[in-house]
Amino acid sequence: MRRLPVALTVLALASVALVGCASSSNPAASCPRTTDAGSPTMAQISVSGPTASKPTVDVSAPLYTKTTQFADVVRGDGTVPISSDKQMVVLDVALVSATTGQPLVSTAYNGDQSQAIPLDRWAQQFPAFTDALHCATAGTRVAIAIAPGGVEASSAQSLGLAKNDALVAVVDVRRVYLGAANGSLVYNSGWGMPAVVRAAGGRPGVIVPAGAAPQDLKIWTLKRGSGEKVTGDKPVMLNYTIVNWTDKSVADTTWDDTPQVVTLSDKSKGFREAVEGQTVGSQVLAVVPKLDGSTDAKDTQVIVIDILGIAPAAAPAAQ
């Protein structure tokens, strides 16, 4: 029995005081998706079956292709497009030999959407996924004809692919999280509050003003998203940066790694109050005194939080 590749087993600066244009209520509309539908290569692949289940894939084998091509079997109706390989996604994947037409391996297709990983982790094994899934949204099923050499070497070996073998992949996009807060900018007039600047990818930087830190918890909404409201009874996918007020040092940030699924009941009072009641797509700034901060906080802290999505609870362990 072949070993499952690693990826399959894991399942412009902007001031806080500015008012910006409202973001589109459907970001997918601004991310046009183009595919190779209708090409002779894709005509050799037929995919059927409900998208909730492992697909039936028929290939006119042996299939040869010099270039990787892809086409949507089903176009999803999700509102968040995949526009960056850093975005957290939940995928189901079925792999089929282009040489024999026989199934090779697949994910579990068990409905568990709690195991999100960044797209670039999939792309380490299957680089074609980056282009094939660009602008795809949740609910999309895409067939991909991967040219020889288009699979990372150790994964190709584990799949039994020879040097000149192509591979057929069918990818079901289950869930797509925002890469950064995409809400409309909100005017804040608080004098002496920290300022936030943003890199092109949305990563925030914090400018802490001179002077003593506030003694009370203060919360400002910097961007107001149009997504689901955070109630606190479900985990939340977040990116955040925490900066110490006095020495301006970064105490913690998720932007150096991956966004985190956070259970708000596990967080400090200040962090929790900053997120509860906000909406997906929002960015929040909180100044949290030690009394309302985490147990290891040694200073008043400035926290900038991007709310990327509501996460499902983890599936119960198999008995």
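1. Helices (H or I, at least four residues) and strands (E, at least two) are DSSP runs, numbered from the N terminus. Counted that way, the protein chain has five helices and 17 strands.

2. A word on the source: this is a predicted model, in which local features need pLDDT of at least 70 and side-chain atom pairs count only at pLDDT 80 or more, while totals for chains, interfaces and linings use all residues. Residues are numbered from 1 along each chain as its sequence is written, and side-chain values use heavy atoms, with hydrogens and water left out.

3. Of the 319 residues in the protein chain, 51% are buried (under 20% relative accessible area; exposed is over 50% and partly exposed is in between, with a 1.4 Å probe and protein chains only). The chain exposes about 15,300 Å², and carbon and sulfur atoms supply 51% of that area.

4. Now to the largest pocket, with a volume of about 600 Å³. Of its 28 lining residues, Ser84, Lys86, Gln87, Gly179 and Ala180 are the closest to its centre. Helix α2 (residues 119–125) gives the largest share of the lining, three residues. By class, the lining holds 10 nonpolar, 13 polar and five charged residues. (On a 1 Å grid over the protein atoms alone, a pocket is an open set of points with protein on both sides within 12 Å along at least five of seven lines, a cavity is a set where a 1.4 Å probe fits but cannot get out, and lining residues have an atom within 4 Å of a point.)

5. The largest cavity holds about 40 Å³ of space. Its lining includes Glu228, Lys229, Asp233 and Ile310, and divides into three nonpolar, two polar and four charged residues.

6. Have a look at threonine 241, in strand β13 (residues 236–244). Threonine 241 counts as buried because its relative accessibility is 6%. Its side chain joins that of threonine 253 in a polar contact of 3.0 Å (a pair of N or O atoms within 3.5 Å; within protein, one must be able to donate a hydrogen and the other to accept it, and residues adjacent in sequence count only if both atoms are side-chain atoms). Leaving aside neighbours within four places in sequence, threonine 241 has contacts (heavy atoms within 4.5 Å) that include Pro204, Trp255 and Ile303.

7. Aspartate 36 lies in the loop between α1 (6–9) and β1 (45–48). At 27% relative accessibility, aspartate 36 counts as partly exposed. Aspartate 36 and alanine 132 are 96 residues apart in sequence and 9.6 Å apart in space, C-alpha to C-alpha.

Conventions: Areas by Shrake-Rupley, 256 points an atom, 1.4 Å probe, with all protein chains shown as cover. Points joined across faces, edges and corners; volume = space filled by probe spheres on them. Nonpolar A, V, L, I, M, F, W, Y, C, P; charged D, E, K, R; others polar.
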